[in-house]
Amino acid sequence: MNGNRFLDNARTGNQQVGFQVFAVLVTWLFWGLVGSVPIFLLVMAVGVIDPARATQYFADPMNFELLGLPMTVIFAAIMGQFVIGMFGAWLAETKILKKPFVAILNGFGKFRWKRAFLAFGIWIGFMIVYQGITYLLNPESMEFKVDWQQWLIFFPVAIILVPLQSAFEEIAIRGQLLQALGRMTPWSALLPLLSTSIIFALLHGANTEVCLLYTSPSPRDLSTSRM
């Protein structure tokens with residue numbers, strides 16, 4: 001026991017290190033392999049209906065506009081990868097490690113909704129301030145243009161799937177993986193914390209919002225981001 005309630009959750013259920021490693025692998029297999037099925041099926045459907053369009057897409061696979069499908073549908077298929085990954089994490093924790101899913105969320109045994117909404121509010125506040133300052137410093141960098149018909153379709157999809165995507169990243173890396181590393185290094189709580197923080201940063205290093213700091217964005221760049 002290292003005195004950290006969250007890390008101590010790794011010592012409940014199936015405590016063997018092998019089970020911890022296997023649980024992490026199951027989660028990432030669900031995210032990376034099973035999670036790619038929705039977008040794969042969309043691409044295959046386009047290939048059957050319009051082979052020429054599919055050929056164009058395969059030449060530039062990050063340009064999803066070439067599929068000729070509504071971007072909301074493509075967005076849902078891509079974000080579905082994280083929903084499937086979340087299911088994999090739940091399966092790994094509850095069936096392989098025999099622990100309650102909340103064990104990789106916090107060390108309190110229950111999900112604290114007030115804390116979650118407080119964090120969400122703080123994040124929204126920072127984003128409003130950041131975007132406001134950006135606009136004041138360089139108004140030409142922003143263009144306000146809304147297609148309300150598309151927005152009303154996209155908004156409910158985004159408001160459901162984006163939090164699930166963010167939650168999966170936190171749960172998989174700074175939840176499940178952190179506990180697994182903590183189980184392997186019971187003498188240190190700092191080592192798994194630093195390791196997962198570095199991994200989290202490296203995985204996000206290729207994201208659009210990071211790359212835009214160094215390159216000029218194109219419309220396609222703004223429409224795609226990956227974990």
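How many of the 227 residues of the protein count as buried? The answer is 32%, where buried means under 20% relative accessible area, exposed means over 50%, and partly exposed is in between (1.4 Å probe, protein chains only). Keep in mind that this is a predicted model, so local features need pLDDT of at least 70 and side-chain atom pairs count only at pLDDT 80 or more, while totals for chains, interfaces and linings use all residues. Residues are numbered from 1 along each chain as its sequence is written, and side-chain values use heavy atoms, with hydrogens and water left out.

**The overall picture**

- The protein has 10 helices and 0 strands; helices (H or I, at least four residues) and strands (E, at least two) are DSSP runs, numbered from the N terminus.
- Read from the N terminus, the elements go α-α-α-α-α-α-α-α-α-α.
- Take the contacts between residues at least 6 apart in sequence: 67% of them join residues at least 24 apart, and contact here means heavy atoms within 4.5 Å.

**Helix 7**

- Helix 7 covers residues 148-184.
- Its 37 residues should span 54 Å at 1.5 Å a residue, and its end C-alpha atoms are 51 Å apart, which agrees; the expected span is 1.5 Å times one less than the number of residues.
- Helix 7 bends by about 35° at I171, the bend being the angle between axes fitted to the seven residues ending there and the seven starting there.

**Nonpolar cores**

- In soluble globular proteins, nonpolar side chains tend to be buried together.
- A nonpolar core is a set of buried Ala, Val, Leu, Ile, Met, Phe, Trp, Tyr and Cys residues joined through side-chain atoms within 4.5 Å.
- The largest one here has 13 residues, and M79, F82, M86, F101, F168 and I171 have the most contacts inside it.
- Helix 5 (71-96) and helix 7 are the elements that give two or more residues to this core.
- There is also a second, separate core of 10 residues, including Y57, F64, I74 and A77.

**Residues to look up**

- Q165 is found in helix 7 and is buried, at 16% relative accessible area.
- Leaving out residues up to four places away in sequence, Q165 touches M79 and F82.
- Q165 and I84 are 81 residues apart in sequence, yet 9.9 Å apart in space, C-alpha to C-alpha.
- Q179 is found in helix 7 too, and with 1% relative accessibility it counts as buried.
- Setting aside neighbours within four places in sequence, the contacts of Q179 include F6, L7, N9, A10 and K99.
- N9 sits in the loop between helix 1 (5-8) and helix 2 (17-32), and it counts as buried at 15% relative accessibility.
- Beyond its neighbours within four places in sequence, N9 is in contact with K99, A103, N106, G107 and Q179.
- K98 lies in the loop between helix 5 and helix 6 (113-137) and counts as exposed, at 53% relative accessibility.
- Most residues other than glycine have a negative phi.
- K98 is not a glycine, but its phi is positive, at about 60°.

**Salt bridges**

- Side chains of opposite charge can pair when their charged atoms come close.
- A salt bridge is a side-chain nitrogen of Lys or Arg within 4 Å of a carboxyl oxygen of Asp or Glu, and by this rule the count comes to 4.
- One of them joins R11 and D8, whose closest N and O atoms are 3.9 Å apart; R11 is buried at 14% relative accessible area, and D8 is buried at 13%.
- Another pairs D50 with R53, with the closest N and O atoms 3.6 Å apart; D50 is partly exposed at 29%, and R53 is partly exposed at 30%.
- R174 and E170 form one as well, with the closest N and O atoms 2.8 Å apart.
- Why can R174 and E170 be described as about one helical turn apart? Because they are 4 residues apart in helix 7.
- R174 is partly exposed at 32% relative accessible area, and E170 is partly exposed at 34%.
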